[in-house]
Structures are given as structure tokens and as C-alpha cells.
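Here is a short briefing on one protein model. Look at the structure first, then read the points by topic.

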Amino acid sequence: MRRFALALVFLAVVPLHAQKKSSKPKAPAKPLPLVTLTQREQAQQLLNRFTFGPRPGDLEQVLAMTPEKWLEQQLDPGRIPDSALDKRLADYPTLNLQPDQALILFPDRGTIQQVAEGKRPAPTDPNLAAMYEVQVFKYSSDLDAKKVNASGQPYFPPPTEAEVAEQKKTDQATAVRIAGDLFTLPKNERMAALIKLPVPDRIAFTTYVAGDQKSLLLSQFSPREREIFNGMAANIGSTYQIINELSQAKILRAVLSERQLQEVMTDFWFNHFNIYIGKDSDQWYTTSYERDDIRKHALGKFRDLLIATATSPAMMVYLDNWQSIGPDSIANGVTPANPNSKKGNRGLNENYGREVMELHTLGVDGGYTQADVTALSAILTGWTVDRPNQAGPFLFDPKKHEPGSKVWLGHTITSDPNPPSNSAATQQTGLKEGIEALTHLAADPHTAHFISYKIAQRFVADDPPPTLVDRMAVTYLSTDGDIKAILRTLVQSPEFNSRKYFRNKVKTPTEFIASAFRSTATDPANPGALVNTLNTMGMRLYYALPPTGYYITADHWMNSTALVDRLNFAYQLTGNKFANQKFDSAHVLALGLMAQPAGSSANLSAAGKAHGAKYSEALLTTDAVAPFPDQSYKNAAGQDIALHVLASTLIGGDVSAQTNQLIHKQLADLPAANSTDTLNLLTALILGSPEFQLR
């Protein structure tokens, strides 16, 4: 198995190295004319690029309604019902909370400390108050364990191993007793009974309730009651629950959403305007950032998207603009009425001023200088956050704003040199400077080209064709940065619909995981396990530390370690060995059999298509051959037919001759397997093949 994995890795990686070498010819060659894709391939291209992977039957649906109509439908996501996804997302209440509400539901250690010290009131809601009682109890116990006397000895000696074991035994018995009591009650009375128990009993129960009992209890709790249970079970500070819910929801959206283009563009723009959820209070802000700033504007005007991200507390915290102080501002000790007032030591933070030009708009070659970075940073002083440690909103603080005019990118941004410190007019003036600057950036031709390049890089090629980028930039400028119009220009282009750029983009780990579930019509029963898998694959959701986000090019994701990880995941998934996830290879093959187009080389008899599940089993349990209308598969063995149908279902076409040979060798080495084992292995080998890694 290991040799097979390495062989597939070789097949996948070597062609990329060859491409890199051939991409730098000694002399410029005349570009070859683009070969247009067939209508079916054009539909495949659209689905491969603007969904997280086509599901069985999606291609036929797009062809029936025409790719143009499918695109227009997807460009209007508000009109697409998404009830199945909505039902799953109802399990994650934090998705709809404002940051300060999320902080109350999942407090950090600092908030618990304030409540314990009486500096902040506990919530009045009975369920929340009960959860806070548990957290305060744990916090106080933690403090007691750290107290030492004048000699440095602990006031409360740590328990011995025997005492720890005895306490665990007692707590487990308590959990069993409480579980028995709760299950005698109606479902809607269980949480009320639980929160009335003494705090130590609540801790014992939420920590040691048996797995099956816990699963049943949680399944019968309301989503909000599950949050309270998890909060009581958590260690001091439970903000990670917010991150868990957001990450699991992203996986579910990618796999289940009918609004695929919106989700793909949300993923693209979040990566473009990346923030790091582990940065300070961004653990509370990231959910609303993605929901209200990214997804809401993902298919709108670029200017609106830019301003939404710029006025988000998440961005202000991530790139430190909330700490930026104008050197001549009131906040730095300068009094407008007293020109001799002494300045303080506070000053500009240029992180956001630099990144908003380099990464968000103009690009690194956008023609700005260090002086422009400093000037824009001064323009954006006062753009801050109200009480970031308490998840407060965006705020413009005129006291922090640098007064006076600023010369930036050859323009003069005017300002009142002596603004009144507390007037509404002053706030409007300071905000107006920043809005004016961001509006100018959004309208700049450099931005039009840079954004067009990034979109083309994501959806066409790692090194996108310059002529296409130029046409997209023209559309950008003529439509005031209309993202829908730019996407139409891309999709209707000869480049996007050419064989040169067909199946040439390597999937990121998120795209690979989502496409594995979508292409096999598998419901993701354990999204938390998928989040952990992405962590091991090097793409921890919302944890890209640099402002550039995660790489979207092949050179980062197509390597031996990554491909072996993907193949191992495929083995576990198809073998029903992944986190209690149910997988049915026979069902996948049956869907593929029924989706075969009329007249194709893999067209099956009417009986075979009508009874796909039984027929798929027969393919691998008998020596009979399947009836095909042409000669290519007339005498094909069952395994060959299954391989062809699975490949066309999961990939959209056959695997290469080399991959085919390796798969057959692996099947030949399989000891006396039944049809289910053979199908599972076939499906895993295709999911791990080089061809499946491309979109």
C-alpha cells in the first residue's frame, strides 16, 4: 500500500515539475490557439471551479438548464432555498450572535475573573448563570491550587494519585446517578433540573457522563441547552467553542449548501481579506466578520466589501489599527488650543495602512511608496474598536485622529486642522477621510488589475493569462467593481472554456475534503472530525497567520506528504473507519451507473440503470460482462466497468493510463476480497488519484 501511495505521488508531482521547467523557455514561443472545450466539458469546468465539487447528477442538471442559466441562478443566492443546510446550521447558535453576545455565552478567562472578583455581574438568564457558577468555581479552585505561603509551599497540597483516582471514581458514580435521574424526566425539564444541582455535581456530571448517555442527552437538548452543557464541561474560558462551531459550519456549508458560488466566493474573499482568529479578541469577532462583512458582500461591489472589512473590529484588531494614534492628536497629548503642548510617545501603527494597499487593493507593484503608507495610516487614525476586550463594535475616535491635510498617492486628503473634540461633525469628518481614501483605492486601475488577477488565479490558473486579466480589469472599471460582472467576463472567456485551463487547478485541503463528500453524495455526519483532518493537512480553518491567507497555488499543496495524507483519508473514509462516518461505495457506483449519458461508452442496459445498486454488486461478483453499445467496453470485466463509472462520477472522466495501471496492480494484490471491499478500495484509489486532486 505504501509503494502504491508513493507511485501515485510520483505521478502527481512529476508533471508539475515538468510544467515549471517548461514554463520558462529559452526563447518566447508563439502562443498556440486555444482549443475550445465541448459543451459537456464547459459545464464540468463551471462546476469544478464554482462549487466545492459537483455531486452525482449536477452535471446533467446544468446541461439541462444550460450553464448560462445555472451561473445566473448562482449569482442570485438569495433566491436559492437552502433548507437542508439551514437545518444543520441550527445546531450552532453562535453563528447568529453578535460578538458581545458570543462573549457572554462563551466567556474567556478574563471575563470569568471579573465575575469572580465582583467587577462584572453574572448573567441574569438562569441557564447562563448556572454555567458561570461552574466556570467561577473552576477558576477559584485553580487559584487556590496556586496559592503558596511565605515559605513557598502550597496552602493546599496537591492530591496524591490515589486521592485523584478515588475522586474520579466518586465523580463517575455521581454522573451515573444524575444521568438516571435526568432520563426519568421529560426532555424539556432536564436542563432545569441539572442547573439546580450543587456546582460540584454539575462538574462531575458534565465531565464523566458516559459516552452513549451523553450523546443521547445532547441529541435531546435544544441547541442552546447543548451550549450550556458544553460551557459547564469546558475548562476555564470556553471561547474555543465559538471557533469550533464556526469551523464546523464552514465544512457543512462547503459540502451541503445549494448556494455553492456564494460559498466559494466567501471562501475566496475571506482568504483575500484574511484575519487570524487566534489574535486577541478576534475569537469573538470572526463569526460576524465572515457573516456580515464577507458573505454579505461576496457578490456585490468591491468598494462595499473593502469598506465593510475596513470598518470591522476583526480587521482593526488583526492588523492593529485600533491601537494607531495620530502623533499630533489629542490622544497623544496635543491640545489644539495650545501649540506648545507636549506630545506623548504614542504614534502610528502602519500595519493596516500597508496591507490594505499591498494585499487588499493596489498590489505590491501598485505604485505607492513608504510615504504613502505613512500618509494612509494617518488618514485611518481614529478607526478603532470600542472596548475590544468586551467585544465592542467599530468606533471612530476623533481624539486619536491625526489632524490636518495628508498628501497621499498624489492627492490631498483635507481635514479640519482644529476640530472640536466631541462633535458629531468631527466624527463625520474623520470617517470621511478614510472613506474617501478607500473609495479612491477601490476605483484605482491598479486595484482593478490586481483583483482581476487574484480572481483569475483562483478560478483559471496559478499563472493566469494576462489577456484575460486585462479584460476582467476593463469590466471592473466599467462596472464600478461589480463582482458579478467580473465573474461573467471570466466565465464567458475563451480562456476559461479552453482545454489549456481544464482540470489544471490543484485542490486545497478544504476543497479536497468537501469534494470527496460531494462527489460521493456522502452526508458529513461528524464535521468536527473533518475540521481536525484539515488541521493535520496543514489548513486549519481561520488560523492562517499571515495577512496573505492560505496559498491557492499548486506549489504549496502538491507534495508527497500532502498526497499521502489525502490517500490515507480516502482509505479511512471509504472503509467506514473515519469517525463513525457511514460510507456506501455501492451507492456511489449505482448513482454513477444511473447518471451515464445515453450513447456513451459506459452506457448500461436499461435493466442495469434501473437496478443500479444490484447491478453494481453483480459487476464485481460475477465473471459476466456488461452490455455496451460500442466495442470499447464490449468485453470489459466488472472491475474495469466499475472503475470507469466511478472515475466518471468522481472525476468527470477516466483516470490516466498510468493511474489505471497502478490501480489494477493494487486490485490484483488484494487478497480474496468481497465486492464491498473491492468497491471501497476502488473508490479510495480514485479519491487519492492525481486526477481527483485537480479541479
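A pocket is an open set of points on a 1 Å grid over the protein atoms alone, with protein on both sides within 12 Å along at least five of seven lines. A cavity is a set of grid points where a 1.4 Å probe fits but cannot get out. Lining residues have an atom within 4 Å of a point. Grid points are joined across faces, edges and corners, and a volume is the space filled by probe spheres set on the points.

This is a predicted model, where local features need pLDDT of at least 70, side-chain atom pairs count only at pLDDT 80 or more, and totals for chains, interfaces and linings use all residues. Residues are numbered from 1 along each chain as its sequence is written, and side-chain values use heavy atoms, with hydrogens and water left out.

**The second largest pocket**

- This pocket holds about 810 Å³ of space.
- Its lining has 29 residues, and Tyr-92, Asn-230, Gln-248, Asn-526 and Gly-528 lie nearest the centre.
- Helices α12 (211-220), α13 (223-233), α14 (240-256) and α26 (527-536) each give two or more residues to this lining.
- The most come from α14, with 8 residues.
- The lining splits into 11 nonpolar, 11 polar and 7 charged residues. Here Ala, Val, Leu, Ile, Met, Phe, Trp, Tyr, Cys and Pro count as nonpolar, Asp, Glu, Lys and Arg as charged, and the others, Gly among them, as polar.

**The whole protein**

- The protein has 34 helices and 4 strands. These are DSSP runs numbered from the N terminus: helices are H or I with at least four residues, strands are E with at least two.
- Of the 695 residues, 52% are buried. Buried means under 20% relative accessible area, exposed over 50%, and partly exposed in between (1.4 Å probe, protein chains only).
- Among contacts (heavy atoms within 4.5 Å) between residues at least 6 apart in sequence, 71% join residues at least 24 apart.

**Cavities**

- The whole structure has 4 cavities of 30 Å³ or more.
- The largest cavity has a volume of about 200 Å³. It is lined by 17 residues, and the closest to its centre are Lys-250, Asp-267, Asn-271, Met-539 and Tyr-550.
- Helix α15 (260-272) and α25 each supply at least two residues of that lining. The most come from α15, with 3 residues.
- The second largest cavity holds about 60 Å³. Its lining includes Phe-52, Lys-250 and Asp-267.
- That lining divides into 2 nonpolar, 1 polar and 6 charged residues.

**Salt bridges**

- The count is 33 salt bridges. Each is a side-chain nitrogen of Lys or Arg within 4 Å of a carboxyl oxygen of Asp or Glu.
- Arg-518 and Asp-58 form one of them, at 3.6 Å from N to O. Arg-518 sits in helix α25 (residues 509-519) and Asp-58 in helix α3 (residues 58-65), 460 residues apart. Both Arg-518 and Asp-58 are buried.
- Asp-328 pairs with Lys-343, with the closest N and O atoms 2.6 Å apart. Asp-328 is partly exposed, at 29% relative accessible area. Lys-343 is partly exposed too, at 46%.
- Glu-433 meets Lys-406 at 2.8 Å, N to O. This pair joins helix α21 (residues 424-443) to strand β3 (residues 406-408). Glu-433 and Lys-406 are both buried.
- Salt bridges that share partners join Lys-250, Asp-267, Arg-458, Glu-511 and Arg-695 into one network.
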